[in-house]
Amino acid sequence: MTYAYPRASEQGLKIKTLLATYASAGGQQAAVLLHSQEAGARLLGDLGRAARLDSAAQGVPARVLPMALWHTASTGLELWLSAVAHGASQVWVLMTDEEAPEYRAAVRAQMDVAQAILSGLGYQGEHFRLLYAKDARDLAALDADLQAAPAQGVAQAAGFAVQADKRATLELALDHLVAQAAVQPDVIALPATGSPLGALAINKDTCTLCLSCVNACPVSALQDNPQAPQLKFIEKNCVQCSLCVKTCPEKALSLVPQLSLTAQRKEAVVLNEMQPYACVRCGKPFGTLKTIESMLGKLASHSMFQGAALERLKMCGDCRVIDIYSADNELKITDIRQT
Ligand code: SF4
Ligand code: SF4
């Protein structure tokens with residue numbers, strides 16, 4: 001889901017221009033303060049007036065760049081990380097009682113993921129903070145929050161433009177942040193809630209390679225191999241939606257929220273594979289050894305699958321039909337009609 005207006009690319013351009021203008025005027029360690037255009041803007045105005053009248057209040061520091069939004073939950077981690085890539089030291093979101101508490105929880109969860117990425121890359125300090133002020137009675141606390149120390153940003157601001165597609169923006173931001181990072185571990189573990197990045201763990205003992213999960217995946221992160229019984233996975237594509245986990249009839253899959261920094265993240269890796277089962281009549285592979293053997297084991301004692309009938313389960317669909325119609329002692333549907 002994405003906002004049609006204002007478009008993500010316009011929001012991104014606004015933040016990028018804000019940061020570039022601030023930097024070209026000699027500004028440093030900018031903190032972007034995203035707030036609503038109604039209650040949020042009113043609170044910041046109240047804070048400014050309080051700072052003029054009351055010597056105890058400090059007001060909005062010069063390094064804080066306020067930006068009004070139609071809704072404070074309309075931006076997410078791809079835009080915040082882009083802001084840091086474009087030169088921001090921090091991104092803060094000011095929420096009030098204007099927004100339902102569920103939005104605060106969702107924004108906080110996204111911030112935890114974004115912070116885990118930057119901390120994992122060695123950027124020091126707290127980059128993302130949710131500021132909550134119900135009304136003017138919370139001005140003192142808001143005033144104190146705005147005086148927080150800056151966090152470590154990138155040495156060189158990125159030049160990329162925020163894209164209409166969130167995922168494309170996220171990848172561009174990550175590429176720049178990784179390139180400028182002090183440390184580059186193979187994997188950064190991310191919080192269990194709200195991560196749009198991650199891998200899958202598979203229980204190979206229970207997976208039957210039915211490939212239901214491939215059909216469930218909306219972004220082609222899971223793929224089959226038309227040439228062999230294989231389940232393949234591209235971590236870069238996975239949005240951790242958990243549709244595959246819920247679809248798997250064997251409960252063989254689980255999410256692993258993480259950011260992998262290895263080249264393998266962008267490649268299709270084999271999650272599970274099995275030996276193909278060849279038709280005992282024509283030799284064509286038509287299933288996996290594991291599923292056919294399991295089916296034979298379960299049906300071997302069934303009265304309907306004795307002798308030739310059990311043997312037919314080892315044949316591909318075509319050979320099964322040929323075998324039925326070429327057997328002399330087989331009861332055919334045409335025989336039933338005649339009697
Ligand atoms: S992980 Fe589950 S859904 Fe996917 S192929 Fe294996 S058994 Fe089927
Ligand atoms: S979690 Fe979602 S995106 Fe990732 S592999 Fe499963 S279905 Fe695909």
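**Notebook: a walk through the predicted model**

I looked up the peptide bond from Tyr5 to Pro6 and found it cis, with an omega near -5 degrees. I noted for comparison that most peptide bonds are trans.

**Entry on the core**

I next asked which residues have the most contacts inside the largest nonpolar core. They are Val32, Trp80, Leu81, Ala83, Val84, Val91 and Ala114, in a core that has 49 residues. I then looked for the element that gives the most to this core and found helix α3, residues 77-85, with seven residues. I also noted a second, separate core of 16 residues, which includes Ala199, Leu200, Cys217 and Phe233. I wrote beside this that, in soluble globular proteins, nonpolar side chains tend to be buried together.

**Entry on helix α3**

How many of the nine residues of α3 are buried? I found that nine of the nine are, so that I have α3 down as mostly covered. The buried residues include Glu78 and Ser82 as well as Leu77, Leu79 and Trp80. When I asked what these buried residues pack against, the list came to α1 (8-24), β1 (31-36), β3 (90-95), α4 (101-120), β4 (128-132) and α6 (166-179). After the helix comes Gly87, for which I noted a positive phi, near 120 degrees.

I then took two of the helix partners in turn, remembering that two packed helices are described by the angle between their axes and the distance between the axes.

For α4, I found that α3 packs at an angle of about 35 degrees, with the axes 10 Å apart, and that α3 passes α4 in a right-handed crossing. On the α3 side the contact is made by Leu77, Trp80, Leu81 and Val84, and on the α4 side by Gln110, Val113, Ala114, Ile117 and Leu118. Sorted by class, the residues of this contact are eight nonpolar, one polar and no charged.

For α6, I found that its axis and that of α3 come within 9 Å and cross at roughly 35 degrees, and here α3 passes in a left-handed crossing. Glu78, Leu81, Ser82, Val84 and Ala85 of α3 meet Lys166, Thr169, Leu170, Ala173, Leu174, His176 and Leu177 of α6. The contact of α3 with α6 has seven nonpolar, three polar and two charged residues.

**Entry on the ligands**

Which residues are closest to ligand 1? I listed Cys207, Cys210, Ser212, Cys213 and Cys248, out of 14 residues that surround ligand 1. The shell of ligand 1 has ten nonpolar, three polar and one charged residues.

For ligand 2, I counted 13 surrounding residues, with Cys217, Ala221, Cys238, Cys241 and Cys244 the closest. The shell around ligand 2 divides into eleven nonpolar, two polar and no charged residues. I noticed that Cys217, named here, also belongs to the second core.

**Entry on positive phi**

I recorded first that most residues other than glycine have a negative phi. Leu209 has a positive phi of about 60 degrees although it is not a glycine, and I placed Leu209 in the loop between β6 (198-202) and α7 (212-216). Is Leu209 buried or exposed? I have Leu209 as buried, because 22 other C-beta atoms lie within 10 Å and the cut-off for burial is 20 or more.

Ser220 also has a positive phi, near 55 degrees, and lies in the loop between α7 and β7 (222-225). I classed Ser220 as exposed, because 11 other C-beta atoms lie within 10 Å and exposure calls for 12 or fewer.

**Entry on two further residues**

I looked up Gly45 in helix α2, residues 39-53, and found it exposed, with 11 other C-beta atoms within 10 Å. Its C-alpha atom is separated by 9.5 Å from that of Val60, which is 15 residues apart along the chain.

Last, I turned to Arg320 in helix α11, residues 317-326, which is partly exposed, with 18 other C-beta atoms within 10 Å. Neighbours within four places in sequence aside, Arg320 is in contact with Arg312 and Met315. The C-alpha atoms of Arg320 and Cys279 are separated by 9.5 Å, although the two residues are 41 apart along the chain.

Notes:
Residues are numbered from 1 along each chain as its sequence is written. Chains are lettered from A and ligands numbered from 1 in the order in which they are written. This is a predicted model: local features need pLDDT of at least 70, side-chain atom pairs count only at pLDDT 80 or more; totals for chains, interfaces and linings use all residues. A nonpolar core is a set of buried Ala, Val, Leu, Ile, Met, Phe, Trp, Tyr and Cys residues joined through C-beta atoms within 7 Å. Helices (H or I, at least four residues) and strands (E, at least two) are DSSP runs, numbered from the N terminus. A residue is near a molecule or strand if its C-beta atom, placed from the backbone, lies within 6 Å of it. Ala, Val, Leu, Ile, Met, Phe, Trp, Tyr, Cys and Pro count as nonpolar, Asp, Glu, Lys and Arg as charged, and the others, Gly among them, as polar. Two residues are in contact if their C-beta atoms, placed from the backbone, lie within 7 Å. Axes are lines fitted to C-alpha atoms, for helices over the stretch in contact, and angles run from 0 to 180 degrees between N-to-C directions. A crossing is left-handed if the near helix is turned anticlockwise from the far one by less than a right angle, and right-handed if clockwise.
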